Amino acid sequence: MNLQSTEYSDHKGFAEDLTEGKFSFPIVHGVRADEGNRVIMNVLQKRPTTPTLKHHTIAHLRDKTRSFDHTLKVMKAFEQEVRQEIARLGGNDRLEAIFAALHVEGDAEVDAT
(Lines give C-alpha, C1' and ligand atoms only; values in the text may rest on other atoms or scores of the structure.)
Protein backbone atom coordinates (compact mmCIF):
# COMPACT_ATOMS: atom_id res chain seq x y z
CA MET A 1 0.00 0.00 0.00
CA ASN A 2 2.79 2.44 0.76
CA LEU A 3 4.01 2.12 -2.82
CA GLN A 4 0.65 2.76 -4.51
CA SER A 5 -1.89 4.38 -2.21
CA THR A 6 -1.92 8.16 -1.94
CA GLU A 7 -4.21 7.95 1.09
CA TYR A 8 -1.82 5.53 2.83
CA SER A 9 1.27 7.56 2.01
CA ASP A 10 -0.40 10.74 3.29
CA HIS A 11 -0.75 9.10 6.72
CA LYS A 12 2.17 6.66 6.91
CA GLY A 13 4.83 8.00 4.54
CA PHE A 14 5.65 7.66 0.86
CA ALA A 15 7.22 4.40 -0.35
CA GLU A 16 8.56 3.45 3.06
CA ASP A 17 9.29 -0.09 1.83
CA LEU A 18 12.04 1.40 -0.33
CA THR A 19 13.39 3.62 2.44
CA GLU A 20 13.47 0.68 4.86
CA GLY A 21 14.84 -1.81 2.31
CA LYS A 22 11.81 -4.10 2.73
CA PHE A 23 11.18 -6.91 0.30
CA SER A 24 7.41 -6.58 0.00
CA PHE A 25 5.53 -8.74 -2.49
CA PRO A 26 5.60 -6.29 -5.44
CA ILE A 27 9.30 -5.58 -4.84
CA VAL A 28 10.18 -9.27 -4.83
CA HIS A 29 8.18 -9.72 -8.02
CA GLY A 30 9.93 -6.75 -9.64
CA VAL A 31 13.38 -8.10 -8.76
CA ARG A 32 12.56 -11.60 -10.01
CA ALA A 33 10.70 -10.45 -13.14
CA ASP A 34 13.72 -8.52 -14.42
CA GLU A 35 16.71 -10.33 -12.88
CA GLY A 36 19.20 -8.79 -15.28
CA ASN A 37 18.26 -5.29 -14.19
CA ARG A 38 19.50 -4.18 -10.76
CA VAL A 39 17.43 -0.97 -10.60
CA ILE A 40 15.27 -2.13 -7.71
CA MET A 41 18.10 -3.78 -5.76
CA ASN A 42 20.27 -0.68 -6.12
CA VAL A 43 17.49 1.53 -4.78
CA LEU A 44 16.83 -0.82 -1.87
CA GLN A 45 20.51 -0.72 -0.96
CA LYS A 46 20.53 3.10 -1.05
CA ARG A 47 17.41 3.34 1.15
CA PRO A 48 16.34 6.67 -0.35
CA THR A 49 14.60 9.26 1.76
CA THR A 50 13.86 11.74 -1.06
CA PRO A 51 11.07 11.06 -3.55
CA THR A 52 13.09 11.10 -6.82
CA LEU A 53 14.49 7.54 -6.66
CA LYS A 54 11.27 6.29 -5.14
CA HIS A 55 9.19 7.66 -8.03
CA HIS A 56 11.63 6.14 -10.54
CA THR A 57 11.44 2.73 -8.83
CA ILE A 58 7.66 2.82 -8.59
CA ALA A 59 7.45 3.62 -12.30
CA HIS A 60 9.76 0.68 -12.99
CA LEU A 61 7.55 -1.63 -10.89
CA ARG A 62 4.40 -0.29 -12.54
CA ASP A 63 5.51 -0.07 -16.19
CA LYS A 64 8.49 -2.37 -16.73
CA THR A 65 7.86 -5.39 -14.49
CA ARG A 66 4.10 -4.77 -14.04
CA SER A 67 4.52 -5.85 -10.42
CA PHE A 68 1.47 -3.98 -9.15
CA ASP A 69 -0.74 -5.69 -11.73
CA HIS A 70 0.76 -9.04 -10.75
CA THR A 71 0.20 -8.33 -7.04
CA LEU A 72 -3.43 -7.42 -7.63
CA LYS A 73 -3.94 -10.55 -9.72
CA VAL A 74 -2.52 -12.75 -6.95
CA MET A 75 -4.60 -10.97 -4.29
CA LYS A 76 -7.77 -11.51 -6.31
CA ALA A 77 -6.92 -15.19 -6.85
CA PHE A 78 -6.36 -15.69 -3.10
CA GLU A 79 -9.59 -13.90 -2.32
CA GLN A 80 -11.46 -16.13 -4.75
CA GLU A 81 -9.90 -19.28 -3.23
CA VAL A 82 -10.79 -18.24 0.32
CA ARG A 83 -14.36 -17.34 -0.63
CA GLN A 84 -14.74 -20.76 -2.33
CA GLU A 85 -13.36 -22.50 0.76
CA ILE A 86 -15.73 -20.60 3.04
CA ALA A 87 -18.64 -21.66 0.80
CA ARG A 88 -17.39 -25.27 0.71
CA LEU A 89 -17.34 -25.33 4.50
CA GLY A 90 -20.95 -24.17 4.68
CA GLY A 91 -20.55 -20.42 4.64
CA ASN A 92 -19.91 -17.90 7.38
CA ASP A 93 -21.56 -14.49 7.37
CA ARG A 94 -18.89 -12.93 9.59
CA LEU A 95 -16.01 -14.10 7.39
CA GLU A 96 -17.88 -12.92 4.30
CA ALA A 97 -18.29 -9.49 5.92
CA ILE A 98 -14.55 -9.37 6.69
CA PHE A 99 -13.72 -10.21 3.08
CA ALA A 100 -16.15 -7.59 1.84
CA ALA A 101 -14.34 -5.01 3.98
CA LEU A 102 -10.89 -6.17 2.80
CA HIS A 103 -11.80 -6.36 -0.89
CA VAL A 104 -9.54 -4.31 -3.15
CA GLU A 105 -10.85 -2.96 -6.45
CA GLY A 106 -8.62 -3.10 -9.50
CA ASP A 107 -8.34 -3.99 -13.15
CA ALA A 108 -6.31 -7.20 -12.96
CA GLU A 109 -8.04 -10.24 -14.36
CA VAL A 110 -7.74 -13.56 -12.56
CA ASP A 111 -6.98 -16.70 -14.54
CA ALA A 112 -9.19 -19.62 -13.68
CA THR A 113 -6.26 -22.00 -13.19
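Start by selecting Ala15, a buried residue with a relative accessible area of 0%; buried means under 20% relative accessible area, exposed over 50% and partly exposed in between, with a 1.4 Å probe and protein chains only. You are looking at a predicted model, in which local features need pLDDT of at least 70 and side-chain atom pairs count only at pLDDT 80 or more, while totals for chains, interfaces and linings use all residues. Residues are numbered from 1 along each chain as its sequence is written, and side-chain values use heavy atoms, with hydrogens and water left out.

Ala15 sits in the loop between helix 1 (6–12) and helix 2 (16–20). Helices here are DSSP runs of H or I with at least four residues, numbered from the N terminus. Check the backbone while you are there: phi of Ala15 is near 50 degrees, a positive value in a residue other than glycine. Most residues other than glycine have a negative phi.

Now turn to helix 4. Which of its residues are buried? They are Ile40, Val43 and Leu44. Look down the helix 4 axis: the buried residues fall within an arc of 100 degrees, so they line one face of the helix. That arc is taken from the directions from the helix axis to the C-beta atoms. The buried residues pack against helix 2, helix 3 (25–33) and helix 5, whereas Gln45 and Lys46 are exposed on the other side. Just after helix 4, Arg47 has a positive phi of about 50 degrees.

Select Ile40 alone. Leaving aside neighbours within four places in sequence, Ile40 is in contact (heavy atoms within 4.5 Å) with Ile27, Gly30, Val31, Thr57, His60 and Leu61.

Follow that list to His60, in helix 5. His60 is buried, at 11% relative accessibility. Beyond its neighbours within four places in sequence, His60 is in contact with Asp34, Asn37, Val39, Ile40 and Thr65.

Finish at Arg66, in the loop between helix 5 and helix 6 (67–88). Arg66 is partly exposed, at 48% relative accessibility, and has a positive phi of about 55 degrees although it is not a glycine.

Key: Helices (H or I, at least four residues) and strands (E, at least two) are DSSP runs, numbered from the N terminus.
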